[in-house]
Amino acid sequence: MKYMLLFVSPPTDSPDQPGAQCTVEDWMAYDKQMKDAGIWVSGNALADLTTCTSVKVDADGQRIVTDGPFAESREVLGGYDVIDVPNLDVALDWAARSPGARDGGSVQVRPIAEFGL
Amino acid sequence: MVGGEPQNQPAARGPETDPTAVRASVAAVFREEHGRLLATLVRRFGDLHLAEESAAEAIEAALTHWPISGVPTRPGAWLLTTARRRAVDRIRRDRTLALRIAVLQAEADRADPAPAADVDRDLPDDRLALFFTCAHPALTEEDRVALTLRCLGGLTTAEVARAFLVPEATMAQRIVRAKRKIRDARIPFRVPGADELPQRLPGVLQAVYSIFTEGYAASSGPRLQRLDLAEEAIRLARILHRLLPAQRETAGLLGLLLLVHARRHTRTGPDGVPVLLDEQDRRRWDRPMIGEGCALARTALTGGPPGPYGLQAAIAALHDEAPDVAGTDWPQIVALYDVLLRVAPSPVVALNRAVAVAMRDGPAAGLALLDELAADPRLRSYHPLPAARADLLHRLGRHADAADAYRQAVDLAGTEPDREHLRRRLAEAEAATRVD
């Protein structure tokens, strides 16, 4: 079954942000572990939230583009991986092993919907 | 009603001819068989819903056939064979279900390649895995308790709803939602490995403990004790202890439940109002149950660092073995609470420790500790805190302050018997104020 691991971190200016931060090397090592285990499907780190733009289309078909969102997002989605593992316990193990689960961050584990099953 | 002693051949016993009576006695066996049957079916098919439906159909078939054709020589095997046949029929009829079962089985083999259970041998006991599925940390605590009662306790959804004093529709919705999460997030049906057990076992024990406390002191409603739930929790704790004999905390949990349940006949008066420990008739405590509980408490505290259930069992054992409140080993109880506070810190444990300190060192010492705890927001609506303060104030001769604290406790108490008990205490404190 495929699960998406969403790596969520508190905003960098947050007071509950601890000093210790995981490094690029930590993420590269995690990436390699997943690939070596043959469970990695896809994944990316996302660019800084300051580069984010939101789009919506209103009832008249008018496109509304805004910078952000920033202020209202207490937590920031920093990246994701999709893994293919037998069950939730294995997915939770991989989530717990990721650098994103430490230093005040958390990992949301979401099954990919399987239509027809 | 719930959690009677396991019986193996009830339907064959006695010249029972009334079909309703036969049905009732057969149904009683199924409470014991249901969890085991369900667990074996989940192991076989991987799908909790399919397992429940086919188990229910097999039991229904037994209720129809056995009173006429007699109970088969191996009732468990009969039920399992029938249930498996019904499950296979369902899979044949439903292509989507067939596809899902096939995927589940492929994934199960990938995660944990193990030979399939052999029906022709004695029935395997897969209930341990079912315990861990029902109490999985990915489910809410309420869902874990409801599922454990539904799947392992074999209670109907209506019975689970009654046990927790919620409308049946609410409980049905909760169980459906929890089972959907198990299916769609694919919470596995497996016993965690030795390395995971320290993290996963407490959740299972907590679910059983919650069933017990709900039966022991209903959090709301007219009745204080619901003994059937407490007995069901003890039955489940016994199964867990049998399946995990090397885990000291399972011994601790079973010991704790027995040591508390041994006082069931004296905990409330004839009018249903609670009776405190110092006024209970200790001759009516269940001595054999205390004996069994004490042995389990010793097991739980031997051979390694103590866990929270073992420590609570040891505290309950000291109460149960004491001749009266004055003859209770309060220094030892305080020492055990000190360890418990380190192992499992909680404001409720701190409150109980303060009460024990008051017994050891006098009411003033206990009151000082309680006043520190009063600042804890987690205890803000917990009526035992003002009730304990009131008791100590009363013993210190500060009757007006005691009356104030009793009034707070009355306002916070959730059940009518608790309120009535506190109102009587309040009346005593008010009477003492007038004497002052």
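**Entry 1. Chain B overall**

I began with chain B, where residues 24 or more positions apart account for 63% of the contacts with a separation of 6 or more. The model is a predicted one, in which local features need pLDDT of at least 70 and side-chain atom pairs count only at pLDDT 80 or more, while totals for chains, interfaces and linings use all residues. Residues are numbered from 1 along each chain as its sequence is written, and chains are lettered from A and ligands numbered from 1 in the order in which they are written.

For chain B I noted 19 helices and 0 strands; helices (H or I, at least four residues) and strands (E, at least two) are DSSP runs, numbered from the N terminus. Of its 436 residues, 42% count as buried. A residue is buried if 20 or more other C-beta atoms lie within 10 Å of its own, exposed if 12 or fewer, and partly exposed in between, with C-beta atoms placed from the backbone.

**Entry 2. Confidence**

I looked up pLDDT, the predictor's confidence in each residue, from 0 to 100. Chain B averages 87, and 88% of the residues score at least 70. Over residues 1-16 of chain B the pLDDT is below 50, and this stretch has 29 contacts in the model beyond near neighbours in sequence. Residues 115-121 of chain B also have a pLDDT below 50, with 8 contacts beyond near neighbours in sequence. For the complex I recorded an ipTM of 0.84 and a pTM of 0.85 from the predictor.

**Entry 3. Where chain B meets chain A**

I found 13 residues of chain B in contact with 9 residues of chain A. Helix α4 (residues 95-111) of chain B gives the largest share of the side of chain B that touches chain A, 7 residues. By class, the residues on this side of chain B are 7 nonpolar, 1 polar and 5 charged. In these classes Ala, Val, Leu, Ile, Met, Phe, Trp, Tyr, Cys and Pro count as nonpolar, Asp, Glu, Lys and Arg as charged, and the others, Gly among them, as polar.

**Entry 4. A helix pair in chain B**

I then examined helix α16 (residues 363-373) and helix α17 (residues 384-395) of chain B, which pack at an angle of about 150° with their axes 9 Å apart. α16(B) and α17(B) are therefore roughly antiparallel to each other (angles under 35 degrees count as roughly parallel, over 145 as roughly antiparallel, 65 to 115 as roughly perpendicular and the rest as oblique). From α16(B) the contact includes B:Pro363 and B:Gly366, and from α17(B) it includes B:Leu385 and B:Arg389. The contact of α16(B) with α17(B) has 8 nonpolar, 1 polar and 2 charged residues.

**Entry 5. Single residues**

I noted that B:Arg186 has a positive phi of about 55° although it is not a glycine. B:Arg186 lies in the loop between α8 (168-184) and α9 (197-216) of chain B, and with 24 C-beta neighbours inside 10 Å it counts as buried.

In chain A, phi of A:Asp103 is near 55°, a positive value in a residue other than glycine. A:Asp103 is placed in the loop between α2 (88-97) and β6 of chain A, and it counts as partly exposed, with 14 C-beta neighbours inside 10 Å.

I found A:Gln108 in strand β6 (residues 106-111) of chain A. A:Gln108 is partly exposed, with 15 other C-beta atoms within 10 Å. Not counting residues up to four places away in sequence, A:Gln108 touches A:Leu6 and A:Val8.

Note on methods
Contact = placed C-beta atoms within 7 Å. Axes fitted to C-alpha atoms, helices over the stretch in contact; angles between N-to-C directions.
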